[in-house]
Amino acid sequence: MIDLKKELADLEQKGLYRKMRLLESEQAVRVRIDGKEVINFCSNDYLGLASDSRLKQAAKQAVDRYGTGSGASRLICGNTYLQQKLEEELAEFKNSESCLVFSSGYTANLGMISALASRDSLIFSDRFNHASIVDGAILSRARFKRYGHCDTRELEELLKGSGSGSRKLIITDSVFSMDGDIAPLKDIARLADKYEAEVMVDEAHATGVLGERGRGALEYLGVDNIGIQMGTLSKAFGSYGGYACGRRELRELFINKARPFIYTTGLPPAVAAASLKALEIIKAEPQRRVRLLDNADHLRRGLGALGFDTMRSQTPVIPVFVGGSGAAVEFSRRLFDRGIFAQAIRPPAVPRGAARLRLTVSALHTKEDMDTALDNIGNTGRELCLI
Ligand code: PMP
């Protein structure tokens, strides 16, 4: 028998053992977790839509009309009007010719990358890209070349040395999920043009958050020559599901070739209905985005003033650098006892020696919430000799 106990003990000994906490209230700024009221700084529900009454209502109506499960994959009989409507609306929002909705952001990356690349393709990937991009590349069997984080000089070297003849795909997060910084998309697009590569960008943490209309980092940076975008409906949209946007043929290609689209059950109609409502709100209420970015600035500045290193964060994802995994876990544990919920992020999600707290801000945090967090983070950081 495989010695699972030993494997788990090894993880524990390395400070890498993971446990789930139990959320006992709805997703919100103030939550009840493991029996304790805490202020939540871990959620990707950036705009506070996950418990918005309008999304709830939209989902309930869809349940009444279409039932709960979607019954089969979309190519069999699990494709309803709501999923298609969501795709039309997302394509328009993203200024793209087409959109295909997947069951999650994770499966969108898996499906898109494995449909776009094959054994004789080359994938160029930022070292800090999300795990789903790495897994998509593995599924595609393409040759996988990682470049240093946001290091366009190294990317160019790799592109230069790659010769011609193979399909080249550069993939990057736009907002990095554990660092909160933004990829140099303009430079990446320029290199792609120069070396005849295609770029795919993961806008999971940028959609609904950045840009004048909330379209994402491409809008924020004024980049209009990147042809393949993915994102998720599980973060700013407060819902669930992933999407791929781009030219018309991409949707057709994914429907025909993306195994994580073909061989999984379609997104439940009520989830699509919640996403549609979220999109309506994202377009109609830009003040949520303004508040979110204001909150992020306030928290980031406060952490900096306390002497913490928030790395290169420019977005509502705010890392607080710690270093060792054990210290990061202890930091998080003490904060939880003080009513602040901030998760420790450890390898392999981040490089070894770069464990951190990862704080995320919501449009619904008040200044008071953030100041309470800053007081507690400061006091705890001093206790642990981190500042
Ligand atoms: N890409 C990035 C950058 C992410 O952070 C995530 C979620 N953590 C995903 C993709 C996957 O999205 P989902 O949670 O919808 O599967």
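**A quick look at the cavity and the ligand site**

Counting cavities of 30 Å³ or more turns up 1 in this structure. Keep in mind that this is a predicted model. Rolling a probe the size of a water molecule over the atoms is a way to see where empty space is left. Below, we start with the cavity and then turn to the ligand.

**The cavity**

- The largest cavity comes in at a volume of about 40 Å³.
- Two elements each give two or more residues to its lining: strand 3 (98-102) and helix 10 (259-262).
- Which residues line the largest cavity? They are Arg 74, Val 101, Phe 102, Ser 103, Pro 260, Phe 261, Thr 264, Thr 265 and Gly 266.
- Sorted by class, that lining has 4 nonpolar residues, 4 polar ones and 1 charged one.

**Around the ligand**

- The ligand has 14 residues around it, and the closest are Gly 105, Asp 202, His 205, Thr 232 and Lys 235.
- Helix 4 (residues 105-116) is the top contributor to this shell, giving 3 residues.

**Contacts with the ligand**

- Gly 105 has a backbone N or O atom 2.8 Å from a ligand oxygen atom.
- The side chain of Ser 234 puts an N or O atom 3.2 Å from an oxygen atom of the ligand.
- For His 130, a side-chain N or O atom sits 3.3 Å from a nitrogen atom of the ligand.
- How much of the ligand does the protein bury? Taken alone, the ligand exposes 380 Å², and the protein buries 84% of that.

Key. Residues are numbered from 1 along each chain as its sequence is written. This is a predicted model: local features need pLDDT of at least 70, side-chain atom pairs count only at pLDDT 80 or more; totals for chains, interfaces and linings use all residues. Side-chain values use heavy atoms; hydrogens and water are left out. On a 1 Å grid over the protein atoms alone, a cavity is a set of points where a 1.4 Å probe fits but cannot get out, and a pocket is an open set with protein on both sides within 12 Å along at least five of seven lines; lining residues have an atom within 4 Å of a point. Grid points are joined across faces, edges and corners, and a volume is the space filled by probe spheres set on the points. Helices (H or I, at least four residues) and strands (E, at least two) are DSSP runs, numbered from the N terminus. Ala, Val, Leu, Ile, Met, Phe, Trp, Tyr, Cys and Pro count as nonpolar, Asp, Glu, Lys and Arg as charged, and the others, Gly among them, as polar. A residue is near a molecule or strand if one of its heavy atoms lies within 4 Å of it. A polar contact is a pair of N or O atoms within 3.5 Å; within protein, one must be able to donate a hydrogen and the other to accept it, and residues adjacent in sequence count only if both atoms are side-chain atoms. Accessible areas come from the Shrake-Rupley method with a 1.4 Å probe; for residues, only the protein chains shown count as cover.
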